[in-house]
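My notes follow in the order I took them.

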Amino acid sequence: MVVRRVVPNVQTNDVRESREFYGLLGFEEVMNHGWIMTLASPSAPHAQVSFMAEDKTAPVAPDLSIEVDDVDAAYAAVQESGAEIVHPLQDEEWGVRRFFVRDPNGRVVNVLGHR
């Protein structure tokens, strides 16, 4: 399995304010679904940070997103490890297949792949 990118997810009730602040550091909006917005560096597009108040379909907002090339293999490995699945593997309407798992530090990790 290959990790494609890692994105911290910051919970906020004011996405606009976050966009303006991180814009001062050179970030630009690359995705906005209304409930989640991602900013990226124009010179290093994989340098990203996302902001959300809550997740659209999951019971919690994740702390971190990790995109992998084979989300089904990642899900199988995590299940086999006995780690807590917080949100089951499913296809989402915005074009990703994902699940949430709790890491040993208690952080919720969104593991996803694009379809």
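For sorting residues by class, I count Ala, Val, Leu, Ile, Met, Phe, Trp, Tyr, Cys and Pro as nonpolar, Asp, Glu, Lys and Arg as charged, and the others, Gly among them, as polar. On that basis I find 10 nonpolar, 8 polar and 3 charged residues in the lining of the largest pocket.

I note that this is a predicted model, where local features need pLDDT of at least 70, side-chain atom pairs count only at pLDDT 80 or more, and totals for chains, interfaces and linings use all residues. Residues are numbered from 1 along each chain as its sequence is written, and side-chain values use heavy atoms, without hydrogens and water.

I looked up the secondary structure next: the chain has 2 helices and 8 strands (DSSP runs, H or I of at least four residues for helices and E of at least two for strands, numbered from the N terminus). I read their order from the N terminus as β-α-β-β-β-β-α-β-β-β.

I then checked Ser43, which I place in the loop between strand 3 (36-40) and strand 4 (48-52). Is Ser43 buried or exposed? I list Ser43 as exposed because its relative accessible area is 71%, given that exposed means over 50%, buried under 20% and partly exposed in between, with a 1.4 Å probe and protein chains only.

For the whole chain, I count 37% of the 115 residues as buried. The C-alpha atoms fill a box of roughly 45 × 30 × 25 Å along the principal axes.
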